[in-house]
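Here are a few exercises to work through with the model open in your viewer. Try each one before you read the solution.

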Amino acid sequence: MKFVDEAYIRVEAGDGGNGCVSFRREKYIPKGGPNGGDGGDGGSVYLLADNNLNTLVDLRDQRIHRAERGQNGMGRDMTGRSGQDLVIQVPVGTRVFERDTGELIGELLTSGERLLVAQGGFHGIGNARFKSSVNRTPRQSTPGTPGERRDLQLELILLADVGLVGFPNAGKSSLIRQVSSARPRVADYPFTTLHPNLGVVRLGRERSFVIADIPGLIEGAAEGAGLGTRFLKHLARTRLLLHLVDVAPLGDHADPYDEIRKVEAEMRAFGGELIDKTRWLVLNKVDLLDEEAFAARRAALLERLDWQGPVYAVCALSGKGCERLMQDLMNHLEQLRAAEAGSASTTSAHEDDAPEDDWHPLD
């Protein structure tokens, strides 16, 4: 199925039914009085988060969604039937914006959560409600109010614990294939990944986390080069970023240091707090260098970067070094989850909880 993370729709709630003007007319009952009933309320439009959906593609085919109108009131004091609410199912992680103003209406972050996006109209009042001691034959009623009409922009933000960033061909897709059941396309040319991929890393019973792979960034992405920064929003809710770097790039002009700085610049240009997220450096394709050459290149790179965070060496293709990385990620995430739950055994959920630089030569 095609991955679609944006959709534009129009929602129209149902109008309220009109009140009725009617008088009781029965044989042998003179001056029966008013008996016009109220109208029914118009149906509202809701969005419902559904775990079984992972794309907004269905909303591309149907752009206008209308709830049912309320039925008009009737004689004999009969109230009109209320319009049925319309429920639109969307993936978990959907954000809803007012298209004209850009205002955030709400987010759907858990399965089963509902969000009201268009309120149905209020019912009209029948003439029976206007009866009084001084107005025994009221001929007035009120119409139902119109339901809300809104143009919405829906954005799907993938919910993942860990996000992968890096230049094209850094090995992000190979890593997610190695550590999860996700099977993104892998090839020896840039931009093999054209849309985000999610994988679940399982390290034991009730020990798992979700990892997200987005298309690679290049210089100028913020201005639209390559695939631009369109998919960077999927890293907005991640707890931690893995910055993958090819330490043995092909070509004389390829420099891991320059690639890291360019990716950082694009993350900074994207805005928000993305550049401030906890980030671990992962040096990939170390199997292409002997141990001595890799150690020298690693030391020089960290010195130029003045890198203070954790550093890992892996070969995503063969899996060497990946298990240790995943175990440390799981431990770190468990500490964060425990801290958020108010666990007394966890004293801090800040970046200091991340393991120190813990590089080991590969076997």
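**Exercise 1.** What percentage of the 363 residues of the protein chain count as buried?

*Solution.* Start with the ground rules. This is a predicted model, where local features need pLDDT of at least 70, side-chain atom pairs count only at pLDDT 80 or more, and totals for chains, interfaces and linings use all residues. Residues are numbered from 1 along each chain as its sequence is written, and side-chain values use heavy atoms, with hydrogens and water left out.

Next, the cut-offs: buried means under 20% relative accessible area, exposed over 50%, and partly exposed in between (1.4 Å probe, protein chains only). With those, 48% of the 363 residues come out as buried.

**Exercise 2.** Describe the overall make-up of the chain.

*Solution.* Then look at contacts, meaning heavy atoms within 4.5 Å. Take those between residues at least 6 apart in sequence, and 73% of them join residues at least 24 apart.

**Exercise 3.** Find the salt bridge of Arg149 and say what it ties together.

*Solution.* A salt bridge here is a side-chain nitrogen of Lys or Arg within 4 Å of a carboxyl oxygen of Asp or Glu. The partner of Arg149 is Asp15, at 2.8 Å from N to O. Arg149 sits in strand 8 (residues 149–156) and Asp15 in the loop between strand 1 (6–12) and strand 2 (45–50), so the bridge ties together parts 134 residues apart in sequence. As for cover, Arg149 is partly exposed at 38%, and Asp15 is partly exposed at 24%.

**Exercise 4.** Is Asp38 buried or exposed, and which residue does Asp38 pair with?

*Solution.* Asp38 is buried, at 10% relative accessibility. Its salt-bridge partner is Arg129, with 2.2 Å from N to O. Arg129 lies in the loop between strand 7 (114–118) and strand 8, while Asp38 lies in the loop between strand 1 and strand 2, so parts 91 residues apart in sequence get tied together. Arg129 itself is exposed, at 53%.

**Exercise 5.** How many salt bridges does a search of the whole structure find, and which residues form a network through shared partners?

*Solution.* The search turns up 16. One of them joins Arg239 and Asp161, with the closest N and O atoms 3.5 Å apart. Finally, salt bridges with shared partners join Arg10, Glu12, Arg66 and Asp151 into one network.

Note on methods: Helices (H or I, at least four residues) and strands (E, at least two) are DSSP runs, numbered from the N terminus.
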